[in-house]
Amino acid sequence: MEQSQNQHHEAEIIPEAFSRTISDSLINKFFLEISSLTIFTLRFFKEVFKPPYEFSELIKQFFLIGYKSLPLVGITGFIIGLVLTIQSRPTLEKFGAVSWLPTMVAVSIIREIGPVITALIYAGKVGSGIGAELASMNVSEQIDAMQVSGTNPFKYLIVTRVVSTTLMLPVLVVFADAVGLFGSLVGVNLRGDVSGHLFFSQVFQNLEYNDLFPAFIKTFFFGFAVGLIGCYKGFNSNTGTEGVGKAANSAVVFSSLMVFLIDVVAVQITSLFQN
Amino acid sequence: MIANATSKTTEHDNKQNGLVVVEMEHLKKSFGNNRVLRDINLVLHKGENLVVLGKSGTGKSVLIKCIVGLVDFDEGELVILGRNISEVEDKELIEIRKKIGFLFQSSALYDSMTVRENLEFSLRRQLRSISKEGLSSLIKEALHNVGLATAIEMMPSELSGGMRKRLGLARSLILKPEIMLYDEPTTGLDPITSKEISNLILDVQKMYNTSSIIITHDIECARRTANRIIVIKDGICAAEGSYIDLANSADAWIRSFFE
């Protein structure tokens with residue numbers, strides 16, 4: 001009887017201890033990851049200003065990260081502008097405010113949808129690409145080979161990519177916003193007849209400095225987060241082909257999450273200044 | 001247990017004459033609870049090919065990665081080209097490492113670059129003031145020395161396993177290293193290509209008078225290239241000597257490598 005009670009007691013204790021161990025290890029893992037990412041970020045700031053500078057690789061990354069993303073970002077921007085206009089029209093019609101359609105769509109695109117959607121697309125394309133590329137370089141010992149040959153792989157691979165992602169995303173967002181507005185013009189003209197001149201003059205008459213500037217500034221942070229997390233995941237990936245997939249996947253997940261977190265903070269800061 | 005081929009006096013004399021290029025004393029390295037290198041003592045002489053044998057997972061690759069600085073050792077002393085690397089500053093450490101070439105097991109070629117660019121990459125960073133003509137002639141010479149002169153504009157993906165090894169070797173040799181570290185140079189190659197790579201290692205030794213540490217499982221490669229062999233067992237140097245000494249060792253475990 002006593003033995004049975006003991007067994008029952010043990011059966012209760014074991015799952016509890018097991019779950020406690022798992023939660024402890026998850027917490028440890030989380031904090032280890034945060035500290036490791038912080039060290040990685042600090043190393044970036046240490047290396048970024050230190051010569052020699054890898055200008056040719058930087059230009060190459062501008063091309064690969066910025067120019068090569070233009071078609072995807074452009075198509076997405078156009079569709080967003082078009083769809084947002086078509087979807088918003090019935091609601092505005094109910095309130096007799098169809099004339100506000102260009103302004104409403106423009107403010108939505110420029111303040112929020114343009115930067116966030118472009119950053120998410122960027123995380124999917126550029127962040128995962130960087131994660132997978134660096135992880136596969138890690139697996140095939142190319143990063144070690146660079147170090148052995150007297151090249152600083154952090155400077156050559158990480159600094160150039162993070163600087164490129166930080167500087168290229170704002171450019172892509174401006175492009176996506178412009179194409180999005182053009183998509184909106186097309187959307188307006190699907191059920192009406194509004195000239196381009198009228199559409200854009202209405203848009204720019206109602207746009208304020210507060211709509212443009214904070215939205216533009218936050219894109220630098222989005223770009224930095226996407227590049228840094230992609231590089232961190234790739235550079236510190238596990239060896240083996242499995243590590244490549246994991247690095248690409250976690251680069252997208254974490255950088256997308258970071259985009260939303262930065263957005264929340266940016267919106268709070270912007271609203272503080274506006275009030 | 002340790003069958004020393006060279007006497008302590010000769011070693012001391014070599015060191016005095018600057019002929020010892022790498023010296024390890026009581027080197028230890030662990031990964032978590034796994035003690036990979038327990039107590040490694042090793043000397044590499046100028047112009048010598050030293051082959052390191054041992055079962056998989058005995059820390060042979062870790063050993064040479066410690067020399068080149070890809071892995072930090074936990075304890076012990078490592079003297080490279082007369083400098084104790086635990087005592088030198090980072091800048092000097094980089095300069096010392098520039099004198100060491102490393103042929104990776106996987107060749108570790110930059111797969112987004114052509115053969116020419118693979119060689120240019122390291123060269124441009126080490127010889128920043130070199131002219132375009134100088135660069136081109138050094139690349140052609142390095143490729144000619146490894147028999148890859150015609151592959152200059154090819155991508156690494158277009159090269160065979162043997163050609164990749166040759167390119168990896170050319171990429172290291174172009175920087176004129178004083179010490180070459182080969183991590184399983186013949187692994188995954190057919191016997192004929194393995195023989196070619198072994199001959200190339202000997203050619204490198206003659207042409208450049210490099211001192212080399214060759215990690216290998218390939219006994220034929222060891223026989224062809226070794227001036228001296230060290231066998232690692234359980235993280236220590238279990239035996240040392242010439243190929244013939246070790247092949248005729250009284251220890252059955254040592255002999256088993258050569259059968």
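**Helix 4 of chain B**

I looked up burial along helix 4 (residues 115-126) of chain B in this predicted model. I noted B:Val115, B:Asn118, B:Leu119, B:Ser122 and B:Leu123 as buried. Viewed down the helix axis, these buried residues fall within an arc of 115°, so I recorded them as lining one face of helix 4 of chain B. As background, residues three or four places apart on an α-helix point the same way, because there are 3.6 residues a turn. I then checked what covers the buried residues of helix 4 of chain B, and found helix 5 (132-145) and helix 6 (161-173) of chain B among the covering elements.

**Helices 3 and 6 of chain A**

I turned to helix 3 (residues 70-94) and helix 6 (residues 153-190) of chain A, whose axes come within 6 Å and cross at roughly 40°. The contact of these two helices of chain A has 17 nonpolar, nine polar and one charged residues.

**Helices 6 and 8 of chain A**

I next examined helix 6 of chain A against helix 8 (residues 209-235) of chain A; their axes are 7 Å apart and the packing angle is about 145°. This crossing of helix 6 with helix 8 of chain A is right-handed. On the helix 6 side of the contact I listed residues including A:Ile158, A:Arg161, A:Val162, A:Met168, A:Leu169 and A:Val173. By class, I recorded 14 nonpolar, six polar and one charged residues in the contact of helix 6 with helix 8 of chain A.

Methods: Residues numbered from 1 in each chain as written. Chains lettered and ligands numbered in written order. Predicted model: local features only at pLDDT ≥ 70, side-chain atom pairs only at ≥ 80, totals over all residues. Buried ≥ 20, exposed ≤ 12 C-beta atoms within 10 Å, placed from the backbone. Helix = DSSP H or I, 4+ residues; strand = E, 2+ residues; numbered from the N terminus. Arc of directions from axis to C-beta. Contact = placed C-beta atoms within 7 Å. Axes fitted to C-alpha atoms, helices over the stretch in contact; angles between N-to-C directions. Nonpolar A, V, L, I, M, F, W, Y, C, P; charged D, E, K, R; others polar. Left-handed = near helix turned anticlockwise from the far one by under 90°.
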